[in-house]
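Subject: Structure handover

Hello,

Here is the structure we talked about. Please open it and keep it beside you while you read the notes below.

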Amino acid sequence: MDVVRLPKVLLHEHLDGGLRTETILELAAEQEYRGLPTEHPDELADWFYQGESGSLEGYLEAFRHTVGVMQTAEAVERVAYESVVDLAADGVVYAEIRFAPTLCTTRDLSPRRVIEAALAGLRRGERETGLETGLILDALRNQTDSLEVARLVVEMEAQGVVGFDLSGPERGFPADDHLPACRYIREASMALTIHAGEADGPDSIWRALQRCGAHRIGHGIRIVDDCLVEDGDIISLGRLASYVRDHQIPLEVCVTSNLHTGEYPSPADHPVGALHRAGFAITLSTDNRLMSRTSLSDELALVAEHHEFTTRDLQQVAERSMMAAFCSLPTKERLLTEVIRPGYERMGLSPDPLS
Ligand SMILES: [Zn+2]
């Protein structure tokens, strides 16, 4: 199976987690950023590769340097543009990219200017590749500016911002500390996704879903802790797990990222296969292509190899991801009927995943 040629939908990718190593070095030189651990491209790539970090906190440390070189409008625009080019080369046809604009304001940029620069980069990439994108703005769980970020989401919807996310360290920073921001987003009828159930258990998912009202859950894999698993299969579900499955709450699953933050020792131990077989609304994403040295094609190949996802399963994931996207229904239907299903047909497969 040539997974690069399969039309793919990416819902969970951090702008500051997907930079090219050469770009980091060039931007560091331009902005006289002196904090990089090395100026040798290969060594820098190895440093960013967080395969051995073993913790979410160690993983997050690497972002200090990527956002460190994203402090001018030109830099942010370039990083956004290059991410679209790189994703298109990987066969991604629709992508939602997220970042925390307030992290790019240590010099003189306003958050609004940062967002405009990111959107300009995405648009340039879209014009060049045909890949369609949406921008999600993040507030960090361990910061206190979530309501300001939520206001920016609503203010900049017309320019291409599609939703709001809470990211950053999960343990000790409950999502419902940010209820005013989440409520602001929902009352503005905008889209809300929250990182939850990545490092912390079902209670964190419950807070994100039932207290904050998230429409999608970033990761969410620890919902498996509310399930009874025997021989690798889920045989019964707790009440929260039932809710997540029965309401088809989309889970933005990033397998390699979870392995690198130490959640599971090997790909086969990851619950993605069990959750998929039990009917949870699994979508597959990259999280941070730089730190995890991955691509969406790599993620698809990984679940095919270790969890027996067939091409039909991957088409179901792509279609489900498209329907869970924060774009309009006409956009979803157009991409489904004109790009995704024909793409699978060209691979010699039925467009109907059930046939
Ligand atoms: Zn993430």
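Which residue just after α5 takes a positive phi? G91 does, with a phi of about 85°. Keep in mind that this is a predicted model.

Helix α5

Start with the helix itself. α5 covers residues 73-89, which makes 17 residues. At 1.5 Å a residue, α5 should span 24 Å.

Next, look at what is buried. The buried residues of α5 are A75, V76, E77, R78, V79, A80, Y81, S83, V84 and L87. What do they pack against? The partners are the strands β1 (8-14), β2 (92-99) and β3 (132-140), along with the helices α1 (21-30) and α6 (111-129).

α5 against α6

Two packed helices are described by the angle between their axes and the distance between the axes. For α5 and α6 the angle is about 35°. Their axes are 7 Å apart. The crossing of α5 and α6 is right-handed.

From α5 they include V76, A80, V84 and A88. From α6 they include V114, A117, G121 and E128. How do the residues of this contact divide? There are 13 nonpolar, three polar and six charged.

An α-helix has 3.6 residues a turn, so residues three or four places apart point the same way.

Two single residues

Now find L152. L152 is in helix α7 (residues 146-155). Is L152 buried or exposed? L152 is buried, because 22 other C-beta atoms lie within 10 Å and the cut-off for buried is 20 or more. Not counting residues up to four places away in sequence, L152 touches P101, P111, R112, I115 and L137. E74 is 78 residues from L152 along the chain, and their C-alpha atoms are separated by 20 Å.

Then go to T286. T286 is in the loop between β10 (282-284) and α13 (289-292). T286 is buried too, with 29 other C-beta atoms within 10 Å. Which residues is T286 in contact with, leaving aside its neighbours within four places in sequence? They are L10, E13, C254, S292, T294, S295, L296 and E299. T286 and E126 are 160 residues apart along the chain, and their C-alpha atoms are separated by 19 Å.

Best wishes

Terms used:
Residues are numbered from 1 along each chain as its sequence is written. This is a predicted model: local features need pLDDT of at least 70, side-chain atom pairs count only at pLDDT 80 or more; totals for chains, interfaces and linings use all residues. Helices (H or I, at least four residues) and strands (E, at least two) are DSSP runs, numbered from the N terminus. The expected span of a helix is 1.5 Å times one less than its number of residues. A residue is buried if 20 or more other C-beta atoms lie within 10 Å of its own, exposed if 12 or fewer, and partly exposed in between; C-beta atoms are placed from the backbone. Two residues are in contact if their C-beta atoms, placed from the backbone, lie within 7 Å. Axes are lines fitted to C-alpha atoms, for helices over the stretch in contact, and angles run from 0 to 180 degrees between N-to-C directions. A crossing is left-handed if the near helix is turned anticlockwise from the far one by less than a right angle, and right-handed if clockwise. Ala, Val, Leu, Ile, Met, Phe, Trp, Tyr, Cys and Pro count as nonpolar, Asp, Glu, Lys and Arg as charged, and the others, Gly among them, as polar.
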